[in-house]
Amino acid sequence: MIVKEITSKDIWENFLLTQREKTFLDSWNWGKFQEKIEDKIWRWGVYDNQQLIAIALIVKIKAKRGTFLFLPHGPVGKLESLSVLLEKLKELAVREKTSFIRIAPLWERNEKNIKVFKDLGFKDAPMHTHPEVTWELDISLPEEKLLSNMRKTTRYLIKKAEKDKDIEIVKSSDLEQFSGLLDKTAYRHHFAPFSLSYLKNQFSCFVPDNQIVLYFGKHKNEIISGAVVIFWQGIGFYHHGASFSAKAPVSYLQQWEAIKEAKNRGCVKYNFWGIAEDENNEKHPWHVLTLFKKGFGGYRKEYVKTQDLPLNKLYYLTMIFERLRRAKRRL
């Protein structure tokens with residue numbers, strides 16, 4: 001097996017079309033976005049007898065907490081490619097002067113897959129950047145069946161919102177409005193929101209391929225909720241959400257409209273993105289959001305925890321910093 005750089009969008013995206021486990025973090029456009037925010041990236045493919053068997057988007061992260069190579073929801077493909085890929089990653093890490101390699105794999109969390117990383121010298125990361133536990137929904141079913149599979153309360157609130165003439169769900173390009181809504185949500189739930197420039201850069205990379213939509217939920221012409229949904233390779237992803245009022249069931253109808261659009265675009269799955277690992281922990285900051293997402297029906301997916309391969313002593317400073325930050329956020 002050998003590792004080569006991939007420079008063709010078609011080769012990259014066509015390979016991903018053959019893969020079952022993937023998210024938009026693996027997409028060509030996510031790599032473009034990382035470049036747009038001035039992160040250095042590499043797109044690598046692992047070949048076995050000239051056949052592409054795995055790909056990996058590698059991002060160099062330079063932050064106050066440390067400098068490292070990061071594989072967001074990757075590598076994607078055959079598991080046996082990891083050891084070959086790792087040797088090249090170690091060489092790259094030395095050239096780029098990074099203190100560790102971080103991998104957020106989309107591998108089912110089981111003993112076999114956990115052992116693969118342990119045997120290669122990895123350890124569980126002190127915190128994760130992207131979801132390790134997600135909630136997904138099979139949307140290949142008819143709308144009537146999807147509604148019947150929902151929690152009774154969720155179904156009731158959707159139908160109530162559909163009948164309420166004061167509620168309206170609209171598509172928009174007003175990222176400044178959404179950014180302000182996100183700031184209010186972040187203040188209330190104690191998390192760091194994405195900046196307006198971050199959102200603008202993300203949209204600029206996915207809009208040309210018609211892969212991203214901003215929804216606003218209005219009550220009496222007042223915007224009280226928003227959602228950013230990415231549609232990619234037959235999957236809809238609920239990527240960003242924001243709201244500052246629960247006085248009307250706007251968010252429920254907003255989510256249902258996004259699901260219906262995903263179906264209309266030919267998607268067969270809807271990914272609600274991250275949920276709390278311990279769904280019964282009422283003190284978890286994602287507890288209410290987790291209940292909201294689960295109400296639409298679906299199933300839980302657990303992936304191997306984010307993995308770190310320390311390369312020098314600077315890693316342990318990062319580890320301490322991230323453990324403190326995780327404790328502060330109650331995650």
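1. What covers the buried side of H6? The cover over the buried residues of H6 includes helix H5 (143–149), strand S9 (167–172) and helix H9 (250–264). Bear in mind that this is a predicted model, with local features needing pLDDT of at least 70, side-chain atom pairs counting only at pLDDT 80 or more, and totals for chains, interfaces and linings using all residues. Residues are numbered from 1 along each chain as its sequence is written, and side-chain values use heavy atoms, with hydrogens and water left out. Helices (H or I, at least four residues) and strands (E, at least two) are DSSP runs, numbered from the N terminus.

2. On the geometry of H6: residues 152–163 make a helix of 12 residues that reaches 17 Å from first C-alpha to last, close to the 16 Å expected at 1.5 Å a residue. That expected span is 1.5 Å times one less than the number of residues.

3. The buried residues of H6 are Thr154, Leu157, Ile158 and Ala161. Seen down the axis, they fall within an arc of 100°, so they line one face of the helix; the arc is that of the directions from the helix axis to the C-beta atoms. An α-helix has 3.6 residues a turn, so residues three or four places apart point the same way. Turned away from the buried side is a face with the exposed residues Lys152, Tyr156 and Lys163. Buried here means under 20% relative accessible area, exposed over 50%, partly exposed in between (1.4 Å probe, protein chains only).

4. Lys22 deserves a look. Lys22 sits in the loop between helix H1 (9–17) and helix H2 (28–36), and it counts as buried because its relative accessibility is 8%. Leaving aside neighbours within four places in sequence, Lys22 is in contact (heavy atoms within 4.5 Å) with Leu16, Leu17, Leu106, Trp232, Gln233, Ile235 and Phe237.

5. Where does the polar end of that side chain go? A polar atom of the Lys22 side chain lies 2.7 Å from the backbone oxygen of Leu16, and the side chain also reaches the backbone oxygen of Gln19 at 3.3 Å.

6. Strand S8 (residues 133–138) is mostly covered, with 5 of its 6 residues buried. S8 pairs in the antiparallel sense with strand S14 (residues 299–302) over 4 bridges, and Trp135 stands opposite Arg300 in S14. Strand S13 (residues 269–274) also pairs with S8 in the antiparallel sense over 4 bridges; there, Glu136 stands opposite Asn271. Pairing requires that DSSP finds at least two bridges between the strands.

Key:
Polar contact = N/O pair within 3.5 Å; in protein donor to acceptor, adjacent residues only side chain to side chain.
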